[in-house]
Structure formats: structure tokens, C-alpha cells
Amino acid sequence: RIWASMSKHFVTVGCHPRVPIKEYAIDSLKQLAMKFLEKQELANYQFQRDFLKPFEQIFSKSKNCIAARDLILRCLTQMVLCKACNIRSGWKSIVSCFACAAADPQPDIVALAFEGTECVLHGQFHLVTDIFLDVVNCLISFACNGLLEQISLKSIDYLELCAQYLVSGVPIA
């Protein structure tokens, strides 16, 4: 119940019109999340998902602030690189944020989100098989983005690998 109140506060401050305040809130949220992700989540709990949800909410509400969206994607990618082995239910929020960024009008944001998605696919695919459909939908979002042809084509290649995974059960390498 405490997190419900704190989460709303982080979203409110993370959507503040002044960029330094926004960035401070996002950075504080990242520090809390990194500390929280030091321990593995217990089975059948969804607290990580709830804990990472403010990143998603701030991202979707920060349409006019490239700096905030950029910082959120960098934070999530850092979590994937540093704490992947402890993430369970949090994958859903991370992949959802990357999917949201795939439709962004800014090519730099799309590219950054795709880099984060590739980190998930290459090093952590075995950890996200529980949310396989979310990963596929994320890749479809990148494939449909007309801003960066290379990313669209790479996404289609990854979708092919996902299809092969369904057939063979061998994770993406």
C-alpha cells in the first residue's frame, strides 16, 4: 500500500514541467529500482511489475520531453544489463516501455529503445519466455515504425527467430 502512494508521487514529479525536476525523479526511481532488484522476486508475486510501472507511465506522459524519455530508456537498459537475473514480473513493464518507445516520433528514442530490446533478446531471452507474446508485440511495434528502416528490418529478422523458437524451443542466441 505504501508503494501505491509513492508510485503516484514519482509519476507526478516525473511529469513535472521542469526537466531537472523530472530527471531527478526518474533518477531517484532508478536508484530505488536498482536496489530493489538486488534480490530476486518470490514466485507468484508481481511487485517488480508494480515497482517498474512508473517508468512506463512517465514515459507515456512525457511526449514533449525527449530528455525524460531518453533517460527512462537508458535506466531500463541499465537494469537489463545489470540486474536481469533477478528480474521476474518486471520484464512486462520493461518490454512494454520499449514497445511504447517503438512508436515514438523521434528516431533517437526508437533507436535507443531498440538497443534495449536487443539486450533483452540476446542475453536474456530465456528469462522473458513467460512474456513471449509481449516480446513479439514489441518487435511488431518496431517493425511497423517507418522512421528507421534498418530497425524495422532487424525486427522482422527477430520475429523470424521468435517463430523458430516456437518450432524448436531453442532460444535466440
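Phe55 touches Ile26, Leu29, Lys30, Ala33, Ile72, Cys75, Leu76, Met79 and Cys97 when residues up to four places away in sequence are not counted, where contact means heavy atoms within 4.5 Å. This is a predicted model, in which local features need pLDDT of at least 70 and side-chain atom pairs count only at pLDDT 80 or more, while totals for chains, interfaces and linings use all residues. Residues are numbered from 1 along each chain as its sequence is written, and side-chain values use heavy atoms, with hydrogens and water left out.

**The nonpolar core**

- Phe55, Met79 and Trp91 have the most contacts inside the largest nonpolar core, which has 52 residues; such a core is a set of buried Ala, Val, Leu, Ile, Met, Phe, Trp, Tyr and Cys residues joined through side-chain atoms within 4.5 Å.
- At least two residues of this core come from each of helix 1 (2-14), helix 2, helix 3, helix 4 (66-83), helix 5, helix 6, helix 7 and helix 8 (149-168), the helices being DSSP runs (H or I, at least four residues) numbered from the N terminus.
- Helix 5 supplies the largest share of this core, namely eight residues.

**Aromatic pairs**

- The count comes to ten aromatic pairs, under a rule by which rings of Phe, Tyr and Trp (its six-membered ring) pair if their centres lie within 6.5 Å, with planes under 30 degrees apart counted as stacked, over 60 as edge-to-face and the rest as tilted.
- Phe36 and Phe51 form a stacked pair, with 4.7 Å from centre to centre and 15 degrees between the planes.
- This pair links distant parts of the chain, since Phe36 lies in helix 2 (residues 19-36) and Phe51 in helix 3 (residues 47-61), 15 residues apart.
- Phe36 counts as partly exposed because its relative accessibility is 30%, whereas Phe51, at 6%, counts as buried; buried means under 20% relative accessible area, exposed over 50%, and partly exposed in between (1.4 Å probe, protein chains only).
- Phe114 and Phe142 form an edge-to-face pair, with 5.0 Å from centre to centre and 70 degrees between the planes.
- Phe114 in helix 6 and Phe142 in helix 7 (residues 132-144) are 28 residues apart, and their pair also links distant parts of the chain.
- Both Phe114 and Phe142 are buried.
- One aromatic cluster is formed by Trp3, Phe10, Phe36, Phe47 and Phe51.

**The largest cavity**

- Val95, Phe98, Thr117, Val120, Leu121, Val135 and Cys138 line the largest cavity; on a 1 Å grid over the protein atoms alone, a cavity is a set of points where a 1.4 Å probe fits but cannot get out, and lining residues have an atom within 4 Å of a point.
- Helix 5 (90-102), helix 6 and helix 7 each supply at least two residues of this lining, and helix 6 gives the most, with three residues.

**Two further residues**

- Glu118 lies in helix 6 (residues 107-123), and because its relative accessibility is 16%, Glu118 counts as buried.
- Lys154 and Tyr158 are touched by Glu118, again not counting residues up to four places away in sequence.
- Leu42 lies in the loop between helix 2 and helix 3, and its relative accessibility of 57% is the reason why Leu42 counts as exposed.
- Leu42 and Ser89 are 47 residues apart along the chain, and their C-alpha atoms are separated by 9.7 Å.

Key. 1 Å grid on protein atoms, 1.4 Å probe; cavity = no way out; pocket = protein on both sides within 12 Å on 5 of 7 lines; lining within 4 Å.
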